[in-house]
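Hi everyone, thanks for coming. Let me put the structure on the screen, and then we can walk through it together.

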Amino acid sequence: MSQDHPASPRHLVSIDDVSIEEMHALFAHADRFAGNPRTFADTCPGFISASLFYEPSTRTRLSFESAMLRLGGGVLTAAEMTSSSVVKGESLADTIRVVGGGYADVIVLRHPSEGAARLASHFSPVPVINAGDGSLEHPTQTLCDLYNLHVERGRIEGLDVVLAGDLKYSRTVHSFAFALARFGANIVCVPQPGFELPEYVVKRLHEEFGVEPIRADARRLGNLASNSDAVYLTPQKPHQLSLFTDARGWEVQQVDAVYMTRPQTERHSSKEMSETQYLRLEKRAMAAESLRDAVVMHPLPRRDEISDEVDADPRSIYFKQAARGVPIRMAILSWLLGRIDLDVPLPKAAEPSLAVPSGPNPCPNPSCISRTETRHAGPRFHVISETPLRAACAYCTREISFGLVGCSSTGVYHAPGAAAVGQIHFHHLVLLEDEAAAVRLGFRPSAAPDPSARA
Ligand code: NCD
């Protein structure tokens, strides 16, 4: 056992917040908790978790609450946030300050806006766990999914995993894809047409993990992929790839897991509503040679995308997958509450973020929390590359656009690609929309003389 409560809490907002070593340690603890879950009530006695759910949930909320109760703690539930002070106009930041300021020792938050959990973590004195923020991420579902692969397959590295369905809006898919790439697993995308993996996810997979999208011949996936253009995403290097790809692309031979997702209709715009039949995994599809040894996973809830007759197939593990949500969340809660040690080195601290001074919000994402939570949390950014300067929204991670870069120390502004930008200290960076904004904020062009300088 380690300290009662960490001075500066560790949050779980993105799957990036957990290192591979920490994930393996969490899996080992989850194995221990799964063995006899009724014998761990001395792990978190007197601790309270608060479930703040601004969107519906069955599995995530109940498995977290079951986990906390099994650890000997208590739970507070606001499962229907429309019955809370939100209807009186309370901001998320204030709600978090109140709940984290004595009511609970850990906050489990689900919210429709992307980056909501990141924002909450800036205001919370206790750990914040992201239980789903819009279509951005769902890191604890991913830890559950990875834990399932670890149990069923014995490894994650090098596996071939099919991600099928609504890849555009499924937050479980986005967090899972980032984690699979980090583990060195390969992804076969079989999207519902029109609901492909978003560009920002593919770009990040490429920039951070060297993942290259390759056209995939998925005929061997049978009727699951008959309606869809499959794409193979692999973090393998080109020389390794040439061993099993040819000019036509990558041919699906055998896959290790199929991860099916439902249409995320609550996030679809009316013009996106597809008339096309949604993908369906049926008994017939399970006969495909490439699926012979594949486990079938689904974060649930399912609609019609996996037919009921597939439930009896021994390869279907989605109900076991949901059950394993309890031991993995017991591991997550006891870790973040400082009640177990993972005994692995701490990962590098995340880069700090800076506020955007004024003017229009440069985050291009209409679903970003920085659009609605304007009173307490204006837009913030962090740097993703120095030359040329590129920045991302500190909440929803989308790349943001700006016309000029100012230095708050010299009062000078530059074009984002100018060599001088590389010399500006991080804390002096000011992102400016255009020249008018620069002048309004008192900046001058780099060639102009400094009016405060003595003649
Ligand atoms: C998922 C979610 O909420 O994103 N559900 C879950 O947490 N198990 C998947 C979904 O709703 O489709």
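This is a predicted model: local features need pLDDT of at least 70, side-chain atom pairs count only at pLDDT 80 or more; totals for chains, interfaces and linings use all residues.

**A walk through the model**

Residues are numbered from 1 along each chain as its sequence is written, and side-chain values use heavy atoms, with hydrogens and water left out.

Back to our pair. Strand 10 (residues 249-251) and strand 7 run parallel, joined by two bridges. When I say strand or helix, I mean a DSSP run, numbered from the N terminus: E over at least two residues for strands, H or I over at least four for helices. Two strands pair if DSSP finds at least two bridges between them. Strand 7 (residues 212-217) also pairs with strand 8 (residues 230-234), this time antiparallel and over five bridges. There, R215 stands opposite V231 of strand 8.

In what order do its four strands lie? The order is 2-1-3-4, in an open sheet with parallel pairing. Strand 2 (74-78) and strand 4 (128-133) are the edge strands, each pairing on one side only. From one strand to the next, the twist averages 15°. Strand 1 (residues 48-53) is joined to strand 2 by five bridges, and S49 is found opposite V75 of strand 2. Helix 4 (residues 116-123) packs on this sheet and touches strand 3 (106-111) and strand 4; contact here means heavy atoms within 4.5 Å. The direction of helix 4 makes about 160° with that of strand 4. For such angles, axes are lines fitted to C-alpha atoms, for helices over the stretch in contact, and the angles run from 0 to 180 degrees between N-to-C directions.

On to a pair of helices. Helix 1 (residues 20-35) packs against helix 10 (residues 325-336) at about 120°, and their axes are 8 Å apart. That angle is why helix 1 is called oblique to helix 10: under 35 degrees counts as roughly parallel, over 145 as roughly antiparallel, 65 to 115 as roughly perpendicular, and the rest as oblique. Which residues meet here? From helix 1 they include L26, F27 and F33, and from helix 10 they include I328, M330 and W335. The residues of this contact divide into eleven nonpolar, two polar and one charged. In that count, Ala, Val, Leu, Ile, Met, Phe, Trp, Tyr, Cys and Pro are nonpolar, Asp, Glu, Lys and Arg are charged, and the others, Gly among them, are polar.

How many salt bridges does the structure hold? There are 25, each a side-chain nitrogen of Lys or Arg within 4 Å of a carboxyl oxygen of Asp or Glu. One of them links R61 with E65, whose closest N and O atoms are 3.3 Å apart. R61 and E65 both sit in helix 2 (residues 59-70), four residues apart, about one turn of the helix.

Last stop, the cis peptide bonds. The bond from L300 to P301 is cis, with omega near 5°, and P301 lies in the loop between strand 12 (295-297) and helix 9 (318-323). L300 has a phi near 65°, a positive value in a residue other than glycine. The bond from T387 to P388 is cis too, with omega near -10°; P388 belongs to the loop between strand 14 (380-385) and strand 15 (390-393).
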